[in-house]
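Notebook open, structure loaded. I'll jot down what I look up as I go.

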Amino acid sequence: MANRKVLLKRRKTARNICKITRTMQLIATARFQAAFKRAMGTKPYVEKLAELVANLSESAEGVDHPLLQTQPNVKRSSLLILTSMRGLCGGYNANVLRAAAAHLDEQSAHGIDTDVHMIGKKGIAFFQFLKRPMAKQTAQVSDAPSFEDVEPIANEWMDRLTRGEIATVHVAYMRFVSAGQQRAEVMQLLPLACDVDSGSKKAETSRRVEYEFSPAPEALLNELLPATVRVRLFQCFTEAVVSEQIARMVAMKAATDAATDMIKSLTRRYNRARQTYITMELLDIVGGANALE
Amino acid sequence: MARRETFQCTVITPERQVLDCEAKFVAFPAHDGEFGVLVNRAPLVCKLGIGLLRIETANDRHVMMVDEGFAQVVDNRLTILTESTAHAEDLDAAVVEQSRVEARAMRVPDEAGYRARSKAIQRAQVQLRLVRTEGSKEKA
């Protein structure tokens, strides 16, 4: 008797949880679509900017911009870690933090001090638990990062880099490769070196256009490079949001499936217990009737 | 073949594509003054300043504020890349006036501060101009 009641209670719990996780899955799906649209919105800007940089680096010979220079003597760098504010998104935060921690260990093995700027409540909690130092923390993350929020962060780093305080800036985040694949990655944001080369290679294949430049190509490039850094950082933010929602969608889908399975097996067990009970009762009655004869 | 009279004009910010249309004439604020573009313009790459972007299509007219960025003209395509845009309907005259007062009151500790202040003032002035010229037309 008690067994049946317990089973019923457990099934009810499983049903409630299933309802919650399914709702969360649907919400994550809706948020993912919105975030995805936003992330795709940055694409034309990024592509156009890359095209301009490629055009310009052709015209401006021997580019020598502080944002492109590596500074081997500066033993200090920065790492931005993008984690989420809410949990229940599977291995999303754990993967990003693992990649970040590996990067930090590698940097310290090279004798480089790294300032960590942690974004997201989950990452802050994790680093506090590990007692790792964080130079800066931002607990709040918006689901729709705006360019104005990201811009000052990029500007501050570019200032520090040009002043020679830090040698490199890395960003640890979940890169959105496709809807089916996201990868925790540590990307080098500054210095920009490798990026311009790949850009100019692309330009060689396309046909050359003789542009009129205003101001001179060198001066334009000085403006374009910071813009590239800003938009790249912005892209990291938007991609991280998309990846987070996908991770949550997948995690909640798995949870819903597991809950459905559990409900099924609990129902089966309950039915069996009920049948056993009825059989027992019948046997009791039959046995009692037989005894009377 | 009929002569081409319009060219493609796109306005892009990091967040989204703001506008994509066939324009007859576009005037954009370059870093050193206003720049007008008509059809069949020679290829150009130009830095933008803070100011009003005016786009005239066959039967419509768009005005918005751009806050620095770049313009590129190639093959009858004009691309405006800017970090932010604002339309008259997004702005409130009182708020803009307030931001102008605040910009004027900004402290100038060094050269960077001075540049930031003059940019903030310019931004507010352009916004004010946008609200005054365009905002009233929409209400009418």
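## Helix pair in chain B

I remind myself that this is a predicted model. I started with B:Glu97, which is partly exposed at a relative accessible area of 28%. I then looked up its partner: the side chains of B:Glu97 and B:Arg100 meet in a salt bridge, 3.1 Å from N to O. B:Arg100 is partly exposed too, with a relative accessible area of 22%. Both residues sit in helix 1 (residues 93–104) of chain B, and because they are 3 residues apart there, about one helical turn separates them. I keep the general point in mind: an α-helix has 3.6 residues a turn, so residues three or four places apart point the same way.

## Chain B overall

Along the sequence the order is β-β-β-β-β-β-β-α-α. I took the box around the C-alpha atoms along the principal axes and got roughly 60 × 40 × 25 Å. Chain B has 140 residues, and 46% of them count as buried. I also checked contacts between residues at least 6 apart in sequence: 49% of them join residues at least 24 apart. The accessible surface of chain B is about 7,400 Å², with 48% of it belonging to carbon and sulfur atoms.

How many salt bridges does the structure hold over all chains? I get 21.

I looked at A:Glu51 and A:Lys48, which form a salt bridge with the closest N and O atoms 3.6 Å apart. These two are 3 residues apart in helix 2 (residues 43–59) of chain A, so about one helical turn lies between them. Is A:Lys48 buried or partly exposed? Its relative accessibility is 11%, so A:Lys48 counts as buried, the cut-off being under 20%. A:Glu51 comes out as partly exposed, at 33% relative accessibility.

Next I checked A:Arg175 and A:Glu185, whose side chains meet in a salt bridge at 3.3 Å, N to O. This pair links distant parts of the chain: A:Arg175 is in strand 4 (residues 168–178) of chain A and A:Glu185 is in strand 5 (residues 181–190) of chain A, 10 residues apart. A:Arg175 is partly exposed, at a relative accessible area of 31%.

I also noted a network of salt bridges that links A:Arg76, A:Asp113, A:Asp115, A:Arg160, A:Arg163 and A:Glu165.

## A:Ser77

I went to A:Ser77 in strand 1 (residues 76–82) of chain A. A:Ser77 is buried, with a relative accessible area of 1%. Which side chain does the side chain of A:Ser77 make a polar contact with? I find that of A:Thr114, at 3.4 Å. Beyond four places in sequence, A:Ser77 touches several residues, among them A:Gln107, A:Ile112, A:Ile166 and A:Thr168. A:Asp113 and A:Asp115 are also touched by A:Ser77, and both of these belong to the salt-bridge network.

## Helix 3 of chain A

I did a quick length check on helix 3 (residues 92–109) of chain A. Its 18 residues at 1.5 Å a residue should span 26 Å, and the end C-alpha atoms are 26 Å apart, so the two agree. The buried residues of helix 3 include A:Tyr92, A:Leu97, A:His103, A:Leu104 and A:Gln107. I see the buried residues of helix 3 packing against strand 1, strand 2 (113–119), helix 4, strand 4, strand 5 and helix 7 (217–292) of chain A. Just after helix 3, A:Gly111 takes a positive phi of about 75°.

## Phenylalanines of helix 4

I looked up A:Phe127 in helix 4 of chain A. A:Phe127 is buried, with a relative accessible area of 0%. Setting aside neighbours within four places in sequence, I find A:Phe127 in contact with residues including A:Ile81, A:Leu97, A:Leu104, A:Val116 and A:Met118.

With A:Phe129 and A:Leu130, A:Phe126 forms a nonpolar patch on the surface, about 320 Å² of accessible area together.

Terms used: Residues are numbered from 1 along each chain as its sequence is written. Chains are lettered from A and ligands numbered from 1 in the order in which they are written. This is a predicted model: local features need pLDDT of at least 70, side-chain atom pairs count only at pLDDT 80 or more; totals for chains, interfaces and linings use all residues. Side-chain values use heavy atoms; hydrogens and water are left out. Helices (H or I, at least four residues) and strands (E, at least two) are DSSP runs, numbered from the N terminus. Buried means under 20% relative accessible area, exposed over 50%, partly exposed in between (1.4 Å probe, protein chains only). A polar contact is a pair of N or O atoms within 3.5 Å; within protein, one must be able to donate a hydrogen and the other to accept it, and residues adjacent in sequence count only if both atoms are side-chain atoms. Contact means heavy atoms within 4.5 Å. A salt bridge is a side-chain nitrogen of Lys or Arg within 4 Å of a carboxyl oxygen of Asp or Glu. Patches are made of residues with over 30% relative accessible area and no salt bridge: like charges are joined within 9 Å, nonpolar side chains (Val, Leu, Ile, Met, Phe, Trp, Tyr) within 5 Å. Accessible areas come from the Shrake-Rupley method with a 1.4 Å probe; for residues, only the protein chains shown count as cover. The expected span of a helix is 1.5 Å times one less than its number of residues.
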